[in-house]
Amino acid sequence: MSSFTGTGRLARLAVRRDRIRLAIWVLGTPLVGYALAESVAGLYPDEQTRLGYAETAVSSVVARAFNGPIAGTELGAVVVTETYLTLALLAALLSTFAVVRHTRQNEETGRAELLGASAVGRYALLTAALVVVVGANLLAAALLALAFIGTGLPVAGSLAAAAAIAGVGAAFTGIAAVTAQLSVTSRGANALAAASVGVAFLLRATGDVLGERAADGVRLVSAPPTWLSPLGWGTQVRAFGGERWWVLALPVALLVAGVAVAFLLAERRDVGAGLLAARRGPARAASGLLSPAGLTWRLHRGALAGWAVAVAVLGLSFGVAGHEVDAMISENPAAAEVIAQLGGGSKLVEAYLATMLGLFALTIGAYVVQALLRTRGDEADGVLEALLATAVSRTRWLGTQVLGAVLGALALVLLGGVTTGLGYGLAAGDPIGWTVELGGAALLRLPALLVVAGLVTALFGALPRWSVALSWAMLIAFLLLWQLGALLDLPQAVLNLSPYTHVPSAPATHPTALPLVGLTAVAAALLAVGLAAFHHRDTPT
């Protein structure tokens, strides 16, 4: 029997198991790309506005750190600069999570040992995961290229931009294959892979911040650290600016090297074991673990700490960038109008700050979904049955999970407001005043997050098997409505479907209590529906 026997059947099983996730990934990537490209094309329709954008992109340290280098003044170059980071991070994270889910998680739950009892080769499980994930990246990239071409962008540049995104996904597929061999748990493997994404971002940002202006004055020549990062390789393809196709060989080489190392490591360990020794816990468990609240805190503190670091860094960066808003977009009426519409105010800086707080609220919604969907994972893995066999009631258990997610969201949204205010205040000369003002303004976004928590809870209680897919689809829909509602002039009735539409856009506008009360009431009703549905259904289901 070959070491790869059964790879095809395992790949089909992985596709069937992830058919909804893969559909959202493959179809969602081009949809997001198309939406972002259309919005950017509307903001920079002529050569003059694009020239001003390129000048700012090269001269602004903040723009360099987040968006990376711009390849020229063509519309496609501006589109890639504005969309690359979002699409690349999606490709990287989705790829790593998928590889770990079909390798290490299968070992952690015992499925790999069960499959290994049949005619399955040593490398079949890992190979099947790699085939599915690389295939998903290629298919998503093909559709993304068609989406870019559909917006009127040149074919060559569209193919190069999509290939750069696929290259990022492929590179981190190889990295995840290695982390799945190192850690004994799927959470540890995901943490190592996510850390590699963070390191790649820092290397790319450092290289672009230290880069030098090119001779033409509108392009950036990145410093060497960029070439050490898979995220940096995507920017160096230079889509729509004299494509450098040879750069695409770098992520392919990393994928091949990662797969080779993963196969080598797989030979050196037993099924279910990891090459990094698991840390021994204390001899006696902490007394707090005897309660659902203590257990919830223990399970979520690592993820919350990671989110807190990311939010703090982004908040400070967004705040410092606020001091450059007037110079960056004041000469672009279309961009200024969109910022004013998103931020809900006429003063450009305040509208920008309100927009950033709204973006934080949307992003932290992903933390709420992630935290609450752990309930479905516990149910599917059999952990919930063991918990309910004790004196813990269903209502108490689920209520504790919701409370933990909401308190985490409260801490994160407040942290986002405080760090944004601190960053802008340091640049504007009033750190205390702006920290207090934006911290308070950020708290006004909490009712929208409560609605998100209520929707996820209701889906988990009433439609547990569909809760994961529907919860993430709901959040993506809210993101698209927030970003494209103003640009596409959608009817107000459609915009009202998102709870974020009803949040006061402080500090650009004065808040009113009625929308906040209404959102809180809707959230309470959804939570009640979820708790009641969970109380009356079978577990697991």
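This is a predicted model: local features need pLDDT of at least 70, side-chain atom pairs count only at pLDDT 80 or more; totals for chains, interfaces and linings use all residues.
The crossing of α5 over α9 is right-handed. On the α5 side, the contact is formed by Val80, Tyr84, Leu87, Ala88, Ala91, Ala92, Ser95, Thr96, Val99 and Val100. On the α9 side, the residues in contact are Ala161, Ile165, Val168, Gly169, Phe172, Thr173, Ala176, Ala177 and Thr179. By residue class, the contact of α5 with α9 comprises 14 nonpolar and 5 polar residues, and no charged residue takes part.

Backbone geometry was examined next. A cis peptide bond is present between Ala506 and Pro507, with omega at about 10°. Pro507 belongs to the loop that links α23 (492-495) to α24 (513-536). Positive phi values occur at Arg238 and at Phe240, neither of which is a glycine. For Arg238 the phi angle is about 60°, and for Phe240 the phi angle is about 65°. Arg238 is located in the loop between α11 (230-236) and α12 (249-266), and Phe240 is likewise placed in the loop between α11 and α12. The relative accessible area of Phe240 is 9%, so this residue is buried.

Thr226 occupies the loop between β2 (220-221) and α11. With a relative accessibility of 0%, Thr226 is classed as buried. A polar atom of the Thr226 side chain is found 3.4 Å from the backbone oxygen of Arg204. When residues up to four places away in sequence are not counted, the contacts of Thr226 comprise Leu203, Arg204, Gly207 and Asp208, together with Gly232, Trp233, Thr235 and Gln236.

The relative accessible area of Thr539 is 19%, and as the limit for a buried residue is under 20%, Thr539 is counted as buried. The side chains of Thr539 and Arg394 make a polar contact at 3.4 Å. Beyond residues up to four places away in sequence, Thr539 touches Glu379, Leu384, Glu385, Leu388, Arg394 and Phe534.

Phe4 is situated in the segment before α1 (7-17). At 39% relative accessibility, Phe4 is partly exposed. With residues up to four places away in sequence set aside, Phe4 touches Gly121, Tyr123, Ala124, Thr127 and Phe263. Phe4 and Leu51 are separated by 47 residues in sequence, and their C-alpha atoms are 53 Å apart in space.

Conventions. Residues are numbered from 1 along each chain as its sequence is written. Side-chain values use heavy atoms; hydrogens and water are left out. A crossing is left-handed if the near helix is turned anticlockwise from the far one by less than a right angle, and right-handed if clockwise. Helices (H or I, at least four residues) and strands (E, at least two) are DSSP runs, numbered from the N terminus. Contact means heavy atoms within 4.5 Å. Ala, Val, Leu, Ile, Met, Phe, Trp, Tyr, Cys and Pro count as nonpolar, Asp, Glu, Lys and Arg as charged, and the others, Gly among them, as polar. Buried means under 20% relative accessible area, exposed over 50%, partly exposed in between (1.4 Å probe, protein chains only). A polar contact is a pair of N or O atoms within 3.5 Å; within protein, one must be able to donate a hydrogen and the other to accept it, and residues adjacent in sequence count only if both atoms are side-chain atoms.
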